[in-house]
Amino acid sequence: MNDQEGLAIAIEEAKTSYKEGGVPIGAALVSRDGKLLGRGHNMRVQSGSAIHHGETSALYNSGRLPASAYKGATMFTTLSPCDMCTGACILYGIGRVVIGENKTFLGGEAYLKQRGVEVAVLENKECQDLMELFIKEKPEIWNEDIGEEERVYSKEAK
């Protein structure tokens, strides 16, 4: 499976999450021999979960696999992975992370590289447009997803 095919699966997942009212981040985990191991999308809103991001959902949906299944695998994700998802990729020895876009959010890419993970950013406009639309429509949910407090400004502070 090439990068465009892997990312296309992740984009399908992101669109599913958006249609369900969730954060539009999707992911797909593909083995080194091109087999789809798991796919998923951010389910924090839909399932009331603190940890079901796109990448963790793809890992969850891949089921219980031996460590060897993850070695050399590629995680395709529509958005630069947060610290939690970065850690999950490192923990399972995923060798490569392909990112749709990192303009709306820059996650742990430097740490992935530091730990020997190959990182590729495709600068996909569809991924970026979908995230920008969601952030504009539901900034409070986006802030919650990335662990930020909603900022409230008083009239005096303006």
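Predicted model: local features only at pLDDT ≥ 70, side-chain atom pairs only at ≥ 80, totals over all residues.
Two strands count as paired if DSSP finds at least two bridges between them.

**Strand pairing**

- Strand 1 (residues 26-30) runs antiparallel to strand 3, and four bridges join the two.
- Within this pairing, Phe76 of strand 3 is the bridge partner of Ala28.
- Strand 1 also pairs with strand 2 in the antiparallel sense, over five bridges, and here Leu29 stands opposite Gly38 of strand 2.
- The pairing of strand 3 with strand 4 (residues 96-101) is parallel and comprises five bridges; in strand 4, Arg96 is the bridge partner of Thr74.

- Strand 3 (residues 74-79) is largely enclosed by the rest of the structure, because six of its six residues are buried, that is, under 20% relative accessible area.
- Together with helix 5 (residues 83-91) and strand 4, strand 3 makes a right-handed β-α-β unit.

**Helices on the sheet**

**Nonpolar core**

- In soluble globular proteins, nonpolar side chains tend to be buried together.
- The largest nonpolar core has 17 residues, and those with the most contacts inside it are Leu29, Leu59, Met75, Cys89, Ile94, Val97 and Leu112.
- Strand 1, helix 3, helix 5 and strand 4 each supply at least two residues of this core, and the largest share, three residues, comes from helix 5.
- Leu112 touches Pro81, Thr86, Cys89, Ile90, Val97, Val117 and Val119, leaving aside residues up to four places away in sequence.

**Annotated region**

- UniProt, in an unreviewed entry, lists residues 1-119 as "domain: CMP/dCMP-type deaminase".
- Over residues 1-119, the chain is 40% helix and 21% strand, with the end C-alpha atoms 17 Å apart.

Methods
Residues numbered from 1 in each chain as written. Heavy atoms only, no water. Buried < 20%, exposed > 50% of the residue type's maximum accessible area, 1.4 Å probe, protein only. Right-handed = clockwise from strand over helix to strand, strands pointing away. UniProt positions renumbered as here; feature names shortened; annotations may be inferred. Core = buried A, V, L, I, M, F, W, Y, C linked by side-chain atoms within 4.5 Å. Contact = heavy atoms within 4.5 Å.
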